[in-house]
Amino acid sequence: MADDSSPRSLGFGTRAVHAGQKPDPSTGAVMTPIYQTSTYAQEAPGKHKGHEYSRVTNPTRSALEGNLAGLENAEHGIAFSSGVAGIDGIMKSLRPGDHVVASDDLYGGTFRLFRQVFEPFGLSFSFVDMTDLDATEAAMTDDTKLVWVETPTNPLMRIVDIEAITERANARGIDVAVDNTFASPYLQQPLALGADLVLHSATKYLGGHSDLILGAVCTNSDEWAEKLRFQIKCTGANPGPMDSFLVLRGTKTLHLRMDRHCHNARHLASFLNDHPKVGRVLYPGLESHPGHEIAKKQMDDFGGMISFELADDSMEKAVHVLKSTDVFTLAESLGGVESLIEHPASMTHASIPAEERRKIGLTDSLIRISVGVEELDDLKADLDAALQDV
Ligand SMILES: *Cc1c(COP(=O)(O)O)cnc(C)c1O
């Protein structure tokens, strides 16, 4: 299939396998080769086959970008060296004095980037609970240029109504970016709900095997795409061909993996919900979850991420659980085939000041799990054993 026409009319699984890729024109290789080159021979000055220098474009990366656009049903997919490099590229397209409304429950690295890098460069941010639409709208000012949404949020698994936020922001001429890392394009398509930009840490579900770092932005806006490609060209935020290849390999099975992640997580969430040693379980698939109805409306399933508190909210007991699992590996990150367990307050979200953590309800015993694609019974038994002595 031609890489300049993402097959939009085809189903998700077909797009995952084929979008952006065609057999290599020079050899017929069915899989896009890793074009491990920095430069390209030119026939005459300025006369080349579409690539000049790999910071700007590289064929492996271009195939990946076509694939990512296909997954999000977007006009443009733009690959970055990491998820935060993608966020950085979006933010650098703003100007000093511009204001951004962001969710108060964010990936820790996004919060750190906003607060510690872009505030000193003259952007200003308001962090709000985006499940409160009126509070979110009230935070928008004449200087607001962007609303930064994450849903489900990390680690509290709140659900933000993408369509409702976008309607309110766009009515004021403000663009909306959605970090779609937790849901993946298989479960949630923000552009179809009106968002202007979608950000992915492809390090997570898109890559799917915890073996690379890469980011992506998808958009239907030619103007945004041009700005972001310009940022990559100027700042060198491009991913390498090897990592691009690995993500391309990963996305081919995204739909298969996500089905299993969702299946395992749905069952583990209800198991934890009934467990005497467990307090609140935060999983949008549970009917008791405050965002369940919105999640049903804007997601095709509820994903592989679960957060839960212990019945006894103690940091010490949480640490005991984290040290006691065997199948679940104690590690940051998420979205790989293997199950991971982590402690937001001391690991992924330690860069959020304790006071702010408390304010948003990120408690000391909160544990986040990334449910992998292993056998459900083994995952259940592992958590059950780790919870026995707390
Ligand atoms: C990991 C992550 C990021 C950052 O992506 P990197 O690839 O690690 O730079 C951004 N947002 C969310 C929700 C993430 O989980």
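The model is predicted, so local features are reported at pLDDT of at least 70 and side-chain atom pairs at pLDDT 80 or more, while totals for chains, interfaces and linings use all residues. Residues are numbered from 1 along each chain as its sequence is written, and side-chain values use heavy atoms, with hydrogens and water left out.

Helices (H or I, at least four residues) and strands (E, at least two) are DSSP runs, numbered from the N terminus. Helix α8 covers residues 222-235, 14 residues in total, and its first and last C-alpha atoms are 20 Å apart. This is close to the 20 Å expected, where the expected span is 1.5 Å times one less than the number of residues. Buried residues have under 20% relative accessible area, exposed ones over 50%, and partly exposed ones lie in between (1.4 Å probe, protein chains only). In α8, the buried residues include Trp224, Ala225, Leu228, Gln231 and Ile232. They cover an arc of only 125° around the axis, which puts them on the same side of α8; the arc is that of the directions from the helix axis to the C-beta atoms. An α-helix has 3.6 residues a turn, so residues three or four places apart point the same way. On the other side of α8, Asp222, Glu223 and Glu226 are exposed. The cover over the buried residues of α8 includes the helices α2 (59-71) and α3 (83-92) and the strands β1 (76-80), β5 (175-179), β6 (197-201) and β7 (215-219). The charged end of Lys227 sits over the ring of Trp224, 4.8 Å from its centre (the criterion is NZ of Lys or CZ of Arg within 6 Å of the ring centre and within 35 degrees of the ring normal). After α8 comes Gly236, with a positive phi near 75°.

Next come the aromatic rings. A search of the whole structure finds five aromatic pairs. Rings of Phe, Tyr and Trp (its six-membered ring) pair if their centres lie within 6.5 Å; planes under 30 degrees apart count as stacked, over 60 as edge-to-face and the rest as tilted. Phe12 and Tyr186 form a tilted pair, because their ring centres are 5.1 Å apart and their planes are at 50°. This pair links distant parts of the chain, 174 residues apart: Phe12 is in helix α1 (residues 12-18) and Tyr186 in helix α7 (residues 184-187). Phe12 is buried at 14% relative accessibility, whereas Tyr186 is partly exposed at 22%. Phe114 and Phe125 are stacked, with centres 4.5 Å apart and planes at 15°. Phe114 lies in helix α4 (residues 108-118) and Phe125 in strand β3 (residues 124-128), so the pair ties together parts eleven residues apart in sequence. Both Phe114 and Phe125 are buried. Ring pairs also link Phe111, Phe114, Phe125, Phe127 and Trp148 into a cluster.

Strand β3 also holds Ser126, which is partly exposed at 21% relative accessibility. With contact taken as heavy atoms within 4.5 Å, and residues up to four places away in sequence not counted, Ser126 touches His99, Val100, Val101, Ala102 and Ala139.

Finally, five strands form an open sheet of mixed pairing, in the order β8-β9-β12-β11-β10. Two strands pair if DSSP finds at least two bridges between them. The edge strands are β8 (278-282) and β10 (329-330), each with a single partner strand, so one side of each is left without a neighbour in the sheet. Strands β11 (residues 340-342) and β12 (residues 367-370) run antiparallel and are joined by three bridges.
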